[in-house]
Amino acid sequence: MVEKPRLKAAVAMGALILLLQGIAYAQPDPVSTLLDPTTIPKYVTPLVIPPVMPKSTTQPGFPAADYNIAVRQFKQQVLPAPFPPTTVWSYGRAQDVLPVDFVAPVPRSSNISFNYPAFTVENISGSLTKVRWINDLVDPETKNFLPHLFAVDQTLHWANPPAAGCTMGAPNRTDCNTDNPAPYTGPVPIVTHVHGSHVNMESDGYPEAWWLPAANNIPSTYARQGSKFNQFNSLNRVPGSAYYGYENNQPAATLWYHDHALGMTRNNVYAGPAGFWLIRGGANGDAKVRDNLGNLAKLPDAAPRGNEDPNFDSQVRKKVREIPLAIQDRSFKADGSLFYPDSRTLFDGFPGPFIPDNGSDISPIWNPEAFFNTIVVNGSTWPQLEVAPARYRFRLLDGCNSRTLNLSLFIVQPDGTVNMDPIYEIPFFQLGAEQGFLPKVAMIKTGYATPLPGDGNIPETLVPAPDPQQALLLGPAERADVIVDFTGLPEGTVVRMINTAPDAPFGGFPDTPADPATTGQVMQFVVKHALTTFSDSLTTPPKNLKLPAEAPLGVATNTRPLSLNELSSQVVCVSVDGDGNFIFNGEIVVVPPNAPCPEGTAPFGPRQALLGILSTENGITVAVPKMWSESITETPLLDSTEVWEIYNTTVDAHPIHLHLVRFEVVNRQDFDADFNPVVGTVTLPNAGETGYKDTVLAYPGQITRIKAKFDVPGEYVWHCHIVEHEDNEMMRPYLVRFDPDFPDLNRDGKLSFADLVPLLAEFLKPVRNPAFDLNGDGKVDQLDTRFLMAAILNC
């Protein structure tokens, strides 16, 4: 059913391995300046623990916000000294002034909150958080815009602030493809998305809702905002900003915030702007966890609070027992700067031709995936954390662009090596996934994922994981809320977190583990008994925890068959060898669109990955890929519960993320060449997937079924969170709409003239919510008022 693309064979893997080893690749690119990762000392930098983002005490304008958070460019000591600091972007409190020679991280006493990753935004379930996000990517002296740190591909469907050169039909506009192969050098668009937030449409961070900084030198012809720029409070007029409001009306969860600008998320996020957004309290918060005797349990909950400084205040650091960990892969040049490829040659060696030369449809700069040669945790390469012999709570995030992580913990031997014998492995006790607690604590070890009964016992027979190689598996954007129990470990014990997922696209196990000398290592812990506090003795052992059970979703009212697709070139043919691998020998042939390739050649690919639907006509089912700009096909009714069946026709596992909703993973099932589910192949979610999630790995050749309730009206998106895929068409809008057969707009359960009030209120907004398009003509206007009136009178 799933044919392995020729790209993913010898040529591509050779290029990836060369990059990971830091060896110069024989192409005219900057790889020769790459820093060899094996020369970077490991475990010499203390782990940076993100402090709490401070609330704003001054306002740049009206209306007031709880937080005025800016994105700025600055330097940070990501590599261990004496390596040079690295130029990054990240978020911080807008009122904080950065000195000319600023290098993060710095003490909280400096009143500077800019750091990569950003400080943690703390929220209470059910309480509104108002944020003015400010694009401050400008030179602090000249106030001119700062160009991007990396090459932005203008041939993708991207933000396009110049609003020129569109190849998608007249008129020229923002948010389109162009035929310009040169890297973009203008002001950088951003739009912040709180990943996992159950939020109003205006504040979701829609990819076309970006805005530019308030810079002096932006050409007058440039658009300052994307085509769907929107705000929670449209009275905000602060230049270079957008005002969002987050209801946080969801259970306690580990969320994160990052940029989401159309067609350039991979560039922006790689530069650094991301941070944790934690929701606490509510109906299923920590206070609802019980022990095996029915008493209130105590989790390791000493997280940084207020203005506490967990990095430069030893007393604060000593007591911290709850720590978010953002794990990312990065590559560096010898001067300390970040490396991101500015051509496709490192991925598969493809040398061109590029748009618009000879009509090629292969984008010149975009890479299908990107894998890098170091691991960075909380903004430092391979850090170390000294821990008490106690229980710690870690909120893990796979923040990589493309890399899947398979994490495990092993005691390091006296000679400094890791013996992966099970007797040396320390388990993760997983409490939750992306959207709150699991039904039961899951004990995760290599090859096992065992739900614990919560009665103080660990089952004698452990539950096997889907594959013996699988440990704590996280695709890009997935999170895991875990406890690691260091109690009883002797003084000086070293525990290392390792990664055994591949240095390549992940398609499921078995697979070749990451390079054990570099990307196979993540961080390490060293046990120090002097860090012990009295409260350590009060925490509840994970085997005694009873987590607050959440009610499952009800019966679905609709099932949607959807597809994941990978496309090859329609015009570029490349020579292949006897095994079907591409040969780049100068014999690249350009043919008319969709014409057959000459003998001995094959269509080059992948060109892009797309979401789509399944369509059945005359008994034949086919996958129909859909572009971002095509008409919306996913239109769940407001307050409906749906099952989405995601058929993966590609060779990669894709981390699929739906904005707005939290969902249940129902099951997975193989399908055959005719898209028929294969009887007897249904697998239930593993123990770490049994809670509510917002991102799920969809495996090749399988149907991944998820169930969600769509309870906020508006236009949102769903996409693959391999951000290189997302940036080149593997993202689609979806619309949660009012039922035109029963347009109960005020949601009181009946039709009456009171339903006119929310519709008329929509007319006053600068951007109208398409959920109110009752007559289906693509607009929200007086014709919808007539439609509603007729429905009320008929009722």
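**Cysteines, disulfides and overall fold of a predicted model**

A disulfide is a pair of cysteine sulfur atoms within 2.5 Å. Both residues are buried: Cys720 has a relative accessible area of 0%, and Cys400 has one of 4%. Here buried means under 20% relative accessible area, exposed means over 50%, and partly exposed lies in between (1.4 Å probe, protein chains only).

The structure is a predicted model, in which local features need pLDDT of at least 70 and side-chain atom pairs count only at pLDDT 80 or more, while totals for chains, interfaces and linings use all residues. Residues are numbered from 1 along each chain as its sequence is written, and side-chain values use heavy atoms, with hydrogens and water left out.

Two disulfides are present. With the bonded cysteines counted along the chain, they follow the pattern 1-2, 3-4. One of them joins Cys166 and Cys176, with 2.0 Å between the sulfur atoms. This link is left-handed, at -75° about the S-S bond. Cys166 and Cys176 each lie in the loop between E5 and strand E6 (192-195), so the pair ties together parts that are 10 residues apart in sequence. Cys166 counts as buried at 15% relative accessibility, as does Cys176 at 0%.

The other disulfide is formed by Cys573 and Cys597, whose sulfur atoms are 2.1 Å apart. Its angle about the S-S bond is -80°, and the link is left-handed. Distant parts of the chain are linked by this pair, as Cys573 is in strand E26 (residues 572-576) and Cys597 is in the loop between strand E28 (589-590) and strand E29 (601-603), 24 residues apart. Cys573 is buried at 0% relative accessibility, whereas Cys597 is partly exposed at 23%.

Two loop residues were also examined. Ile49 is located in the loop between helix H1 (10-21) and strand E1 (67-76). Its relative accessible area is 1%, so Ile49 counts as buried. Apart from neighbours within four places in sequence, Ile49 is in contact (heavy atoms within 4.5 Å) with Pro304, Pro310, Asn311, Arg317, Val320, Ile323, Asn378 and Leu385. The C-alpha atoms of Ile49 and Pro117 are 9.7 Å apart, although 68 residues separate the two along the chain.

Ser125 occupies the loop between strand E4 (118-124) and strand E5 (129-135). A polar atom of the Ser125 side chain lies 2.7 Å from the backbone oxygen of Gln250. When residues up to four places away in sequence are not counted, Ser125 touches Asn248, Gln250, Pro251, Ile279, Arg280, Gly281 and Gly282.

For the protein as a whole, the secondary structure comes to seven helices and 38 strands; helices (H or I, at least four residues) and strands (E, at least two) are DSSP runs, numbered from the N terminus. Buried residues make up 61% of the 795 residues. Of the contacts between residues at least 6 apart in sequence, 74% join residues at least 24 apart.

Technical notes:
Polar contact = N/O pair within 3.5 Å; in protein donor to acceptor, adjacent residues only side chain to side chain.
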